[in-house]
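Reader: I have a model open and would like to talk it through. Can we start with the overall layout and then go into details?
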Amino acid sequence: MLRIRRVKNRLDPGYSDPSGYRDLSILVEVGWLEMGRAIEFVPVTDWVGSATSRLICEIQVHLAPVYQVKDGGSHGKYRMYRDMLAS
């Protein structure tokens, strides 16, 4: 049904980011077959050799206070700050 592709634990006390940003990011890959107007999720072991469609999705887990700030439009400011640090 799904395969975990990558986990980034930015909640770990050992994680260092100059901005102080924290979250848990999980990349998952899901596989499915289209059955007319419906879809059927397919076990990972059956993906090879079938007409399985696949997609990688990111699941972000946030602490409530961080999510409230991010949801308030500050994510664009964070991207500008991050890009400034990278240049």
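This is a predicted model: local features need pLDDT of at least 70, side-chain atom pairs count only at pLDDT 80 or more; totals for chains, interfaces and linings use all residues.

Reader: What pattern do they follow along the sequence?
Author: The pattern reads β-β-β-β-α.

Reader: How much of the protein is buried?
Author: Of its 87 residues, 21% count as buried. The accessible surface is about 6600 Å², and carbon and sulfur atoms hold 59% of that.

Reader: And contacts, what share comes from residues 24 or more positions apart?
Author: Among contacts with a separation of 6 or more, 50% are between residues 24 or more positions apart.

Reader: Strands next. How do E2 and E3 pair?
Author: Strand E2 covers residues 24-35 and strand E3 covers residues 38-41; they pair in the antiparallel sense over four bridges. One of the residues involved is Trp32, whose bridge partner in E3 is Phe41.

Reader: What sits between E2 and E3?
Author: Two residues, and the two strands form a hairpin. Gly36 lies in the turn and has a positive phi of about 70 degrees.

Reader: Different topic. Which residues make the nonpolar surface patch?
Author: Met1, Leu2, Ile4, Val7, Ile39 and Phe41 make it, with an area of about 600 Å². Ile39 is in strand E3, and Phe41 is the E3 residue bridged to Trp32.

Reader: Which strand gives the most to that patch?
Author: E1, with three residues. Strand E1 spans 2-9, and E1 and E3 each supply at least two residues of the patch.

Reader: Back to E2. I'm looking at Glu29, which is in that strand. Buried or exposed?
Author: Buried. The cut-off for buried is under 20% relative accessible area, and Glu29 counts as buried because its relative accessibility is 5%.

Reader: What does the Glu29 side chain make a polar contact with?
Author: With the side chain of Arg54, at 2.9 Å.

Reader: Which other residues does Glu29 touch?
Author: Leaving out residues up to four places away in sequence, Glu29 touches Met1, Leu2, Arg3, Arg5, Trp47, Leu55 and Ile56, as well as Arg54. Met1 and Leu2 also belong to the nonpolar patch.

Reader: One general point. How are side chains arranged in a regular strand?
Author: They alternate between the two faces of the sheet.

Terms used:
Residues are numbered from 1 along each chain as its sequence is written. Side-chain values use heavy atoms; hydrogens and water are left out. Two strands pair if DSSP finds at least two bridges between them. Patches are made of residues with over 30% relative accessible area and no salt bridge: like charges are joined within 9 Å, nonpolar side chains (Val, Leu, Ile, Met, Phe, Trp, Tyr) within 5 Å. Accessible areas come from the Shrake-Rupley method with a 1.4 Å probe; for residues, only the protein chains shown count as cover. A salt bridge is a side-chain nitrogen of Lys or Arg within 4 Å of a carboxyl oxygen of Asp or Glu. Buried means under 20% relative accessible area, exposed over 50%, partly exposed in between (1.4 Å probe, protein chains only). Contact means heavy atoms within 4.5 Å. A polar contact is a pair of N or O atoms within 3.5 Å; within protein, one must be able to donate a hydrogen and the other to accept it, and residues adjacent in sequence count only if both atoms are side-chain atoms.
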